[in-house]
Amino acid sequence: MGLRCTKRSYHWLGLFLTAALTACAERGFDDAFSEYHERLSRTLSVDVVKAAPVKVTALPPARELTIDIKGSDIDVLDFLSLTGCQLQITIGKRNSSLGRLASASQRLLLELEYLQLAPACIDYLRS
């Protein structure tokens, strides 16, 4: 019963040795980068300028990034006066129970559809 070495076991052995050598290294990436800057500054005869650390602020939660747009309420008579306009269907979708519970993306699509259909309906009602 001998130990059988395959290409896969050599692969794992290579990964293990690479990880072990990296873990035993005295210098990290920051040290190597600093040395590169020093050598470059000596070669170019330029002083190394250390950048100030950048302070990154966290983004607020997604629920705080939403803006509530007040919907325009339309009464039944105004709604019926839109007969003949495609806009009436869009307003009906928006004011239905499904439209009121729709996700933000669905409401956005309804609002965009409203904005797209409104000019044609205005022209139709004026004529």
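This is a predicted model: local features need pLDDT of at least 70, side-chain atom pairs count only at pLDDT 80 or more; totals for chains, interfaces and linings use all residues.
Biologist: Which residues of helix α4 are buried?

Modeller: In α4 (residues 87-95), the buried ones are Leu87, Gln88, Thr90, Ile91 and Arg94. Buried means under 20% relative accessible area, exposed over 50%, partly exposed in between (1.4 Å probe, protein chains only). Helices are DSSP runs of H or I, at least four residues, numbered from the N terminus.

Biologist: How are they placed around the axis of α4?

Modeller: They cover an arc of only 160° around the axis, which puts them on the same side of α4. That arc is taken from the directions from the helix axis to the C-beta atoms.

Biologist: And what covers them?

Modeller: The cover includes α3 (76-81), α5 (97-100) and α6 (104-126).

Biologist: OK, which residues does Cys121 touch?

Modeller: Leu82, Cys85 and Leu87, not counting residues up to four places away in sequence. Contact means heavy atoms within 4.5 Å.

Biologist: Switching topic, where is Val49?

Modeller: Val49 sits in the loop between α2 (29-44) and α3.

Biologist: Buried or exposed?

Modeller: Val49 is exposed, with a relative accessible area of 72%. Its C-alpha atom is 9.3 Å from that of His37, 12 residues apart along the chain.

Notes. Residues are numbered from 1 along each chain as its sequence is written. Side-chain values use heavy atoms; hydrogens and water are left out. Helices (H or I, at least four residues) and strands (E, at least two) are DSSP runs, numbered from the N terminus.
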